[in-house]
Amino acid sequence: MSTLKVIGDAMPGLPWEEKPLDCGLALWRHGGNPIVGRNPVPSCGRVYNSAVVAWKGGFAGVFRADHRDGTARLHAGFSRDALHWDIRDEPIRWKDESGADYQPAYAYDPRVVSVEGRYYIVWCCDFSGACLGLGVTDDFESFTRLENPSCPYNRNGVLFPRKVGGMYLLLSRPSDPAHTPFGDIFVSESPDLVHWGRHRKVMSRGGPGWWQGVKIGPGAAPIETSEGWLLLYHGVSSTCNGFVYSFGAALLDLERPSKVLYRGRDYLLTPEEDYETRGFVPNVVFPCATLCDAPSGRLAIYYGAADTCVALAYGCAQEIVERIKADSLLLPGDAEEDRG
């Protein structure tokens, strides 16, 4: 058995609980879930599907907050321990690159990643329909809107934490005006975060695992390891009572991430707890962020639960990769470059 190495920095303040002795799975839940409950600030009824990063000896985050008018907006938040969060009541006030005010009609499901020392936010915004928005911050106080990286319709945008071959890389899931029946993950590249091209399909929905039969979408930013990019992604199944959102993992080639090396047949986490099965949208676990202590390979995975609250799970990169290698079942085309 090879020893997997995670590429990155130590994170001494990573939240962590040891794996329960009776847990036979690769992930286990934080004992104090949910870590952000209902009505966390006066303006918001629900906060979920949010992204956090290490920041100046503590942690910062960009949170999806559904306001009391029903509209989703993005709020900044801060924490000393990544468990107890001070989420600001006022939404993020964006400026565009000219300094003019910009406020999206709505904003939801952000991902945050540090690339070359700057913190980039990708989220779903309105551009004649659901589209990917892109912004940057250096201090989580002022936020600059950059050019949208996609036309409508697109969701679940996730930047890689470093350039590959001198290019920025972006995972996304193109969709249509309805509830995203297009369900495949693509990767695009850009030299400057403005001009995007060389689009390639990474993975298709479906396969032997019904949990990912309706659609799939990238979750947290990929984690670089000695054996490939570890990608957590959500999958959706259709049941007699509606959609169920679970999440699993895949391993992508380091230099050509459109090539899938391993793709787990089984989900890693599916709705089971009350806060996951009951809520504004029941039966949803939706990963948006992962904190990682590279030397130990420990992961703290933040996910939205039932479109109502923020929850946390733990795992180790080595065990996750071993699991997906053991039950990997690639679909036709997963391991081949697909340019249409």
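## Strands 8 and 9

Ala107 has Cys125 of strand 9 as its bridge partner. This pairing belongs to a predicted model. Strand 8 covers residues 107-115. Together strand 8 and strand 9 form a hairpin, with 2 residues between them. Glu116 sits in that turn and has a positive phi of about 55 degrees.

Strand 9 spans residues 118-126. It is mostly covered, with 7 of its 9 residues buried.

## Strands 9 and 10

Strand 9 also pairs with strand 10, residues 130-137. The two run antiparallel and are joined by 8 bridges. Two pairs place the strands against each other. Trp123 stands opposite Gly133 in strand 10. Cys124 has Leu132 of strand 10 as its bridge partner.

Strand 9 and strand 10 make a hairpin too, with 3 residues between the strands. Here Ser128 takes a positive phi near 55 degrees.

Another open sheet has 4 strands in the order 2-3-4-5. Its pairing is antiparallel. Strand 2 (44-55) and strand 5 (86-87) are the edge strands, and each pairs on one side only.

Inside this order, strand 3 (residues 58-67) runs antiparallel to strand 4 (residues 72-79). The two are joined by 8 bridges. Ala60 stands opposite Phe78 in strand 4.

Most residues other than glycine have a negative phi, and most peptide bonds are trans. Some residues here depart from that pattern. Asn49 is not a glycine, yet it has a positive phi of about 45 degrees. Asn49 is placed in strand 2. Is Asn49 buried or exposed? Asn49 is buried, with a relative accessible area of 3%.

Leu193 is not a glycine either, and its phi is positive at about 65 degrees. Leu193 lies in the loop between strand 14 (185-190) and strand 15 (197-203). Leu193 counts as buried, at 6% relative accessibility.

## Cis peptide bonds

The bond from Asn33 to Pro34 is cis, with omega near -10 degrees. Pro34 lies in the loop between strand 1 (27-29) and strand 2.

The bond from Pro152 to Tyr153 is also cis, with omega near 10 degrees. Tyr153 lies in the loop between strand 11 (143-145) and strand 12 (154-159).

## The whole chain

How many helices and strands does the chain have? It has 2 helices and 23 strands. The radius of gyration is 18 Å. That agrees with a compact globule, because 340 residues in such a globule would give a value near 20 Å. Along its principal axes the C-alpha trace spans about 50 × 45 × 45 Å.

Buried residues make up 58% of the 340 residues. Among contacts between residues at least 6 apart in sequence, 54% join residues at least 24 apart. The accessible surface comes to about 14,100 Å². Carbon and sulfur atoms account for 50% of that surface. The chain carries 34 positive and 42 negative side chains. The centres of these two sets lie 2 Å apart.

Notes:
Residues numbered from 1 in each chain as written. Predicted model: local features only at pLDDT ≥ 70, side-chain atom pairs only at ≥ 80, totals over all residues. Heavy atoms only, no water. Rg over C-alpha atoms; globule rule 2.2 N^0.38 Å. Buried < 20%, exposed > 50% of the residue type's maximum accessible area, 1.4 Å probe, protein only. Contact = heavy atoms within 4.5 Å. Areas by Shrake-Rupley, 256 points an atom, 1.4 Å probe, with all protein chains shown as cover. Lys, Arg positive; Asp, Glu negative; His and termini not counted. Charge placed at Lys NZ, Arg CZ, Asp CG, Glu CD. Pairing = 2+ DSSP bridges.
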